[in-house]
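Please open the structure below in your viewer and keep the selection tool at hand.

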Amino acid sequence: MSRYGYLPGLSEGISRREFIKLLTIAAATMGLPVGFVKKLEAAVKSPMRPPVIWLHFQECTGCTESLLRASNPALAKLILDIISLDYHETLMAAAGKQAEDVLYHMINKYEGKFICVVEGSIPTKDNGIYCQIGGKKAIDILNDVGNKASAIVAIGYCASFGGVQSVDPNPTGASGVLQVMKDKPVINVPGCPPNPYNILATLLYVLTFKKIPELDKYNRPKFAYGRRIHDHCPRRAHFDAGRFAKEFGDEGHRQGWCLYQLGCKGPVTYANCPTTQFNDVGVWPIGIGHPCIGCTQPKVGFFLPVKFKVKPQEAVPPEQFPPITVKQGKVTVAGVAAASAAVGAALGAAGVIATRLPDKREVDHEGKTKES
Ligand code: FSX
Ligand code: SF4
Ligand code: F3S
């Protein structure tokens, strides 16, 4: 239950089995070994865990809805109830003045200690008049609450990057949280809607480690947004082989070929959708035949026409792979990699082995080593 117990319908417990399963998935999403599940459990159960205050501005509420409609109801319960959600405009029974009183009571009581979650963009044009709640402008509410929070988690494409309403001509001046709150730690968890496991993992990370996870240049947690869709896409073999769906419903589309020619933005979009997927039943846009629209990528999702073809970038190796620019004795890794490419995938390991070796060793074209 939340501290005030006013979130209806979310108070039934989660079985221990479900609870541990969710924490294990969250640990895997964060790239943590299974041994960390106990730490996550302790953080969630701690009576000292910080309250969470969840604000809504310009949006479709799809982020919260997708949580509530998750095929695993325990997931919504874990995020919305057990992680101590103390104010959520969509879910709480309180309304009007009562709701406002709760909000200001909470932020004053827990100043500097609570996490503020924001859903939706903030209109900044014409003094912010285009989104008002109880006569108060969104930008003022965000300033009141955000400035007292220990950290802000911007959930969804709207709160992260402005959303569909920020596309030109952006009549309301819709902006992401970071554009408004420049001096606060802001974590962006984009997606339209974002994957509930990424929301869970981000909140759990902050609760457990009491710090912000490592972020990329768009303030997204690297554990969830560190790789391109294209790099893990199950249709990638078709891309490499030049087999493309040209029209929805054509033979290539029915065969599950690559959706690049239909405007897939997977080659420039960073997110874990191919591996995490949605709704616990393995669905995600590309999996069900729709090109990725880039809903986690600034200036891509909604900004580029669906049929627009992006330019594929160079392949980027995962961060945990060794660097490919380090010279290793007489044979450079680049040389080994080139040789590997020429003689087949089995030798690809040579490049990896090579970078782990101390200097003054040579690596032959089969990856065997000898001291020089
Ligand atoms: Fe935006 Fe979320 Fe898309 Fe909708 O709240 S990210 S329009 S799913 O609802 O903010
Ligand atoms: Fe997958 Fe899209 Fe890349 Fe094709 S272009 S391999 S569908 S991510
Ligand atoms: Fe969004 Fe593309 Fe994933 S459209 S949900 S980032 S596959």
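**The whole protein**

Please note at the outset that this is a predicted model. Display the protein as a cartoon: 16 helices and 13 strands are present. Of the 372 residues in the protein, 50% are buried. Next, show the surface, whose accessible area is about 17600 Å²; carbon and sulfur atoms account for 57% of that area. Where contacts link residues at least 6 apart in sequence, 74% of them join residues at least 24 apart.

**Ligand 2**

Select ligand 2 next. The space that ligand 2 takes up is the largest cavity. Which residues surround ligand 2? They are His 230, Cys 233, Arg 235, Arg 236, Phe 239, Cys 258, Leu 259, Tyr 260, Cys 264, Gly 266, Pro 267 and Ile 286.

**Ligand 3**

Now move to ligand 3. Around ligand 3 are Ile 229, Thr 269, Cys 273, Phe 278, Trp 284, Pro 285, Cys 292, Ile 293, Gly 294, Cys 295 and Thr 296. How many residues of the shell around ligand 3 are charged? There are no charged residues in this shell, which holds 8 nonpolar and 3 polar ones.

**Two cis peptide bonds**

Select Asp 168 and Pro 169, which are joined by a cis peptide bond with omega of about 5°. Pro 169 lies in the loop that runs between helix 7 (156–161) and strand 8 (174–175). Then select Cys 192 and Pro 193, where a cis peptide bond has omega of about 0°. The loop between strand 9 (186–189) and helix 9 (196–209) contains Pro 193.

**Two residues with positive phi**

Continue to Lys 210, in the loop between helix 9 and helix 10 (222–225). Although Lys 210 is not a glycine, its phi is positive, at about 55°. Is Lys 210 buried or exposed? Lys 210 has a relative accessible area of 69% and is therefore exposed, the cut-off for that class being over 50%.

With a relative accessible area of 28%, Phe 302 is partly exposed.

How values were computed. Residues numbered from 1 in each chain as written. Chains lettered and ligands numbered in written order. Predicted model: local features only at pLDDT ≥ 70, side-chain atom pairs only at ≥ 80, totals over all residues. Heavy atoms only, no water. Near = heavy atom within 4 Å. 1 Å grid on protein atoms, 1.4 Å probe; cavity = no way out; pocket = protein on both sides within 12 Å on 5 of 7 lines; lining within 4 Å. Sits in = over half its atoms within 2 Å of the grid points. Helix = DSSP H or I, 4+ residues; strand = E, 2+ residues; numbered from the N terminus. Buried < 20%, exposed > 50% of the residue type's maximum accessible area, 1.4 Å probe, protein only. Contact = heavy atoms within 4.5 Å. Areas by Shrake-Rupley, 256 points an atom, 1.4 Å probe, with all protein chains shown as cover. Nonpolar A, V, L, I, M, F, W, Y, C, P; charged D, E, K, R; others polar.
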